[in-house]
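Keep the sequence handy as you go through the points.

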Amino acid sequence: MRWLNEPVRWQADGDGLTVTANPKTDFWRVTRHAFINDNGHSYGPDVTGDFTADVRFSADYATLYDQAGLMLRVSETVWLKCGVEYVDGVQYASAVVTRDFSDWSVVPLDPSPAALWLRVQRIGTAVEVSVSTDGSAYSMIRQAYLTDAPTLHVGMMVAAPTGTGFEARFTGFTVRTAE
């Protein structure tokens with residue numbers, strides 16, 4: 001396990017991780033806003049081949065674009081982040097696929113859940129993102145081409161693009177490789 005942009009405050013205990021996002025952090029490339037940010041936080045292993053990653057997380061979302069979830073990453077120009085993004089007081093299930101330019105898809109979570117379960121599967125060059133509000137019934141929100149690179153960083157992700165930071169709690173993070 002390793003950090004991409006280690007935050008000032010974090011603590012691991014048992015199967016949990018509590019992270020406070022540093023202020024003004026994000027992962028984004030160019031699209032619409034014409035800027036590049038690559039200073040959000042991600043903690044996890046490098047994984048080769050096909051896999052399924054799962055995590056349960058909750059956060060004290062407070063400011064526009066506060067976000068927590070999972071990240072798959074090859075480089076600063078090829079990555080996926082997904083989870084919850086907080087927009088105008090609403091939690092959205094969010095997925096951003098970046099291959100030189102970021103795209104963004106969102107689905108409102110109504111009502112906003114206290115916690116969300118996230119599952120990301122890599123199958124060859126494709127990734128599938130699914131969410132659950134109860135940890136058992138998952139709904140796919142995104143399928144996309146990501147990369148043919150053999151190894152990806154797979155980590156818990158948090159960022160606070162416009163705010164002063166917020167706390168997120170992750171539990172049950174697992175990565176199962178294909179047999």
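Two strands count as paired if DSSP finds at least two bridges between them; strands themselves are DSSP runs of E, at least two residues long, numbered from the N terminus. This is a predicted model, in which local features need pLDDT of at least 70, side-chain atom pairs count only at pLDDT 80 or more, and totals for chains, interfaces and linings use all residues. Residues are numbered from 1 along each chain as its sequence is written, and side-chain values use heavy atoms, with hydrogens and water left out.

**Strand β17 and its partners**
- β7 (residues 46-48) runs antiparallel to β17 and is joined to it by 3 bridges, with Thr48 partnered by Thr151.

**The open sheet**
- An open, antiparallel sheet is built from 7 strands in the order β2-β3-β18-β8-β14-β15-β16.
- β2 (9-13) and β16 (139-145) are the edge strands, each with a single partner, so one side of each has no neighbour in the sheet.
- Within this sheet, β3 (residues 16-20) and β18 (residues 167-177) are antiparallel and joined by 5 bridges, and Gly16 stands opposite Thr171.

Conventions: Helices (H or I, at least four residues) and strands (E, at least two) are DSSP runs, numbered from the N terminus.
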